[in-house]
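Trainee: I'm new to looking at protein models. Could you walk me through this one?

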Amino acid sequence: MAKVEVPPEHTAPDTSASTGGARMSIGKRLRILGGFREATTLVIMILICVVMSIISPYFMTANNIRTTVLSFSINGLVVIAMTVVLISGGIDLSVGAVMALVGVITGSLFLAKVNIWIAAFAGVGIGVVIGTLNGFFVTRVGLSPFIATLAMGNIARGASYVISRGMPLPLQSLPPDFKYIGRGMIGGTGIPFLILLFAIVVIAFDFLSRRSTIIRRIYYVGSSEKAARFSGINVTRLRMGVYILAGVLGAIAGVFSISRFNSATPYYADGVEMILISACVIGGASLNGGEGTIFGSILGIALLAVIQGSLILMDVSVYWQQLVTGLILLIAVSLDFLTHRKKKQ
Amino acid sequence: MQTPVLEARHISKRFTATQALDDVTIAFNAGEVHALIGENGAGKSTLMNIVGGIHAPDSGEVLLEGARLDLKSPHDALMLGIGFVHQELALCRHLSVAENVFMVELGAGIRLIDFAHLYRETERLLASFGSEVNPRQKVSELSVSQQQVVEIVKAISKNCRVLIFDEPTAALTQTETETLFRIIETLKAKGLCVIYISHRMSEIYRICDRVSVLRDGRLIDTELVSGIDQVSLVHKMVGRELTDVYPAKNERSDEKSPVLEVTGLTLDGVYSDVSFSLYHGEILGFAGLVGSGRTEVARTICGLYRRSAGETRLDGKLIDFHDYRDAISSGIVYLTEDRKAEGLFLEMSVASNISVIDLDAVSRYKLIDRSREHGLASRFVKEMGIKVAGVASKVRALSGGNQQKVLISKLLNVKPRVVLMDEPTRGIDIGAKTQIYHLLRRLASEGVGVVMISSELPEIIGVCDRVAVMYEGTIRGVLAGDEINEQAIIRMACLDEN
C-alpha cells in the first residue's frame, strides 16, 4: 500500500498532523467534547447546590442529602436499565409496571406464608419472564419496542391490580433482615444500606458500560443495527438480553420498594418511565440509540431529585415540580442539539 | 457565444478549517450538459449546494439569466428554476408519486386537493419521459431509477431552467443508465442547462458537452469535452500524472489449489446453480447487472443468507455457516456494498469501528483495553494511509475514501483467507480507488483469495485475473486472460441467449 504513489486526498487540512503527540492531544480534546454533556449536567447540579445552600441552611445537611439520595436510589436502579435499553436503540415502557407487579407478587406470596427470600426470588423471576416476553415480541415478532413494551406494561400493571384487588398490601410484618435492605443503616456511619447497595451497582455498571465487550456491542447495535449484523454481532441475542436486564433490574427495584415502604401498592411507580427517560436524555442518551452513559443518566436522575427537593425546601407547591422537570428536559435536549450541530460543522 | 443561463462569480466558502471554495467563477449555458468533475473534497458538492440554495457563500454571487440571486433555501432555488436531483434521493417514501411531484404546491395554503387533476398532470409529465410509473403508487414501491425519474419530473414541473444531477448513475443498472441518458438528451433538447456531477469518465464523454474541473476548491479549467482526452482530464483533476491506476496482474499458473469451491449454490427465487472456484492468490471479478445475483451469492457464502441448495468448500473442507460469525471465524469476510447503512458506525470512533469484529483481541477478561484498541487502530491508519485527525474521531467526519479504508481495515483485522468485496470503490475518488486496487493485489499476493464484485467494467477489466459474469441469477461464464474485455463481458451480462 505505502509503496503506491497516489495523489493526496483533500480532506480537512489539519489532518496533516500525523505525529504521535499531535494525535494524542486531538484525541484528548475530542474525548472532552464527547463528555461535554455530562459536564453540563454536573455544572447545573453544582450551581443549584451552591444557590440552595445559600438560600436554605438545611440544604447541605447530612439529613437532606440522605433523603435526596434515598429518593432516587430505587428508581436509579431502573434508570441504569433504561440507559442500556436506550443505548441499544430501544425503549422500555414497562419497567414501572414491572416494579409494581413484582412488589405485589412478592408481597402476596409473603402474606400467603411463603418465605420472603423465596418470594423475592420468585418476584425477580417474574421480571425475567416479562423481560423475555418484551425481547421476544421485539426481536422475534418484530414489533416496535415502543408498542411491545407499552402493551406489556399495561398487562403487568393490570395484573398487579387484579392480584391486589386494587388495594395496597400492608407488609409491616416483614422480617427485620429483609427490612434492612430498604430501611437499615450501616452501623455507626448514618449511611443507609440501600444507598450503599445503589452506589455499588452504579459503579459496577458504569465501569462495565465503558469497558465490557458486551455493553460495547450494545453500543454498536444502537449505533447501526445493520452494520452490527455485518460485523458478525448477534444482534437478536443482545437486544433480547437488554430487555431481560431491564426486567431483572425493574424486579429488583420492586423488591427493594416493598422493603423500603413496608407495603406493596399496585399503582406504585406509575408513569415512572417518563421520568427515567428524561433523566437518561438529560444525561446524554439519545432516543436514536448508540449514545448515553450510566454516569450521565444517574446525574440526570439526581438532578431531577435535587430540583424536586429544592422546590420543597423553598415551599414551592408540588404542582410546580412537573413543570420544572419539563423545562429542564427541554433545556438539556436543546443544549445537546446545539452542541451536536456545532460539532458537525 | 451564448449568454450563460447560470453564473457563479467569485464564490468563496469556508467551513471551519477547510477552504471549500476559493474564488470560483464558472458559467453554465442553456442547452448544454456541463460536467463538473474533481476528486472527493474538491468542492463540487459545495458549489452545487450554493447554487442550489443549501449553503450561502462567504463571498461572491450567483446569477440566473443575468439577475443576481439571493437564495435562502433549496425551495427558493427550485421556485426560481434551479432543480437538484440528489445522490441520496430526497422523496417522501410513504406518499404517492403525484403527491411528491406536486409537494411544493400541496404544501402551500389550505385548499382541497383535486386528486384527479393531480394524477392526470403527473401522468402526462411522466409520459414525456417514457415512464409508465403509476402516479398513485407509493414512492417506496419504486426502483431507484424510477424514483430518480420522479425527482426529475418534480423539478421539471416547476419549469426549471437548470437541473443539477449529483452522481445520478451511482445506484443505477446499465439499462437504467441508458434511460437516464435519453432523458438528459430530451432535457438538453428542451433548452435546459444540465449540470452533471460524476466520477465516471465514460459517462462524461458519452453525454456531456463541456467539462469543468475543480481541485482544492479552485476552478482548474473548463473545456469542450470533444477537445480534451481522458488522460489530460484526469491529469487536471488530480494535479499530476496518474500512473499505475491498476496494479500488475498475477502470472497465471494452473497448479494452484482452490481456496474456495462453490458447487450448485442456489437461493430460491434469486439465483440458481452457481458454481465456481477461487484460487489462492487470485482476484476473481464478478461482473453483471445490478440484480443479477452477485451480492446475494457473496452473502450466502458468508452465512448472511440461508442457501436453498448447494455446497461450499474452504480449503477442501465442507463448510456450512449458520451466521456470519461462523464465516468470520473460518476466515471469510464480506465487504458490504452499502458503506453507510451496513458498514460503518458513523457516530462512533475510528478505533471502535476497526476493532468491532474481534473485540476479544483488544480485551482481557471481556474488558476492553482502550490503549490496545487505539494502538490497533493507529497501526491500520498508518498502514492504509487513512487521513484522520485521530483514532478517536467520529467516522462520519471522514471522506468517502477514508471511510472505505476504515471499513476494509475492520475486515483485515481478523486476517481473512477469503475476502468478498462488494463494490469496494463505489463513490470514492480515483486516488483512493487506486489505493484499494493495489491493496487487493497485495492481499492476493499474500495468498488470500479475493472476490471483487463491481459494476464498473474498467476496474473489473483492469484489476481481475479472472471474471465470472452473472446474468439473471446464473453464472454465464468465466473469462480469463485475453478474453477479459468490455464486449465479451457486456455480451454475457446483458444479452438474452436467444
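Predicted model: local features only at pLDDT ≥ 70, side-chain atom pairs only at ≥ 80, totals over all residues.

Trainee: How many helices and strands does chain A have?

Mentor: Helices (H or I, at least four residues) and strands (E, at least two) are DSSP runs, numbered from the N terminus. Chain A has 14 helices and 4 strands.

Trainee: And how much of chain A is buried?

Mentor: Buried means under 20% relative accessible area, exposed over 50%, and partly exposed in between, using a 1.4 Å probe and protein chains only. Of the 345 residues in chain A, 50% are buried.

Trainee: Which residues have the most contacts inside the largest nonpolar core?

Mentor: In soluble globular proteins, nonpolar side chains tend to be buried together. A nonpolar core is a set of buried Ala, Val, Leu, Ile, Met, Phe, Trp, Tyr and Cys residues joined through side-chain atoms within 4.5 Å. The largest one here has 180 residues, and those with the most contacts inside it include Leu260(B), Phe276(B) and Leu420(B). Helix α3 (residues 62-87) of chain A gives this core its largest share, 13 residues. Apart from it lies another core of 49 residues, among them Ala155(B) and Val213(B).

Trainee: What does Leu420(B) touch?

Mentor: Contact means heavy atoms within 4.5 Å. Leaving aside neighbours within four places in sequence, Leu420(B) has contacts that include Ile301(B), Ile332(B) and Val451(B).

Trainee: Now sheets. In what order do the strands of the open sheet in chain B come?

Mentor: Two strands pair if DSSP finds at least two bridges between them. The 4 strands of this open sheet in chain B run in the order β12-β11-β14-β15, with antiparallel pairing. At the edges sit β12 (271-279) and β15 (317-319) of chain B, each pairing on one side only. From one strand to the next, the twist averages 20°. Strands β11 (residues 258-267) and β14 (residues 309-314) of chain B are joined by 5 bridges, and Glu261(B) stands opposite Arg313(B) in β14(B).

Trainee: Which helix packs on that sheet?

Mentor: For angles, axes are lines fitted to C-alpha atoms, for helices over the stretch in contact, and the angles run from 0 to 180 degrees between N-to-C directions. Helix α10 (residues 294-301) of chain B packs on the sheet and touches β11, β12 and β14 of chain B; its direction makes about 115° with that of β11(B).

Trainee: Where does Asp273(B) lie, and is it buried or exposed?

Mentor: Asp273(B) is in strand β12 of chain B and counts as exposed, at 55% relative accessibility. Although Asp273(B) is not a glycine, its phi is positive, about 50°. Glu167(B), also not a glycine, has a positive phi of about 45°, but Glu167(B) is buried, at 11% relative accessible area.

Technical notes: Residues numbered from 1 in each chain as written. Chains lettered and ligands numbered in written order. Heavy atoms only, no water.
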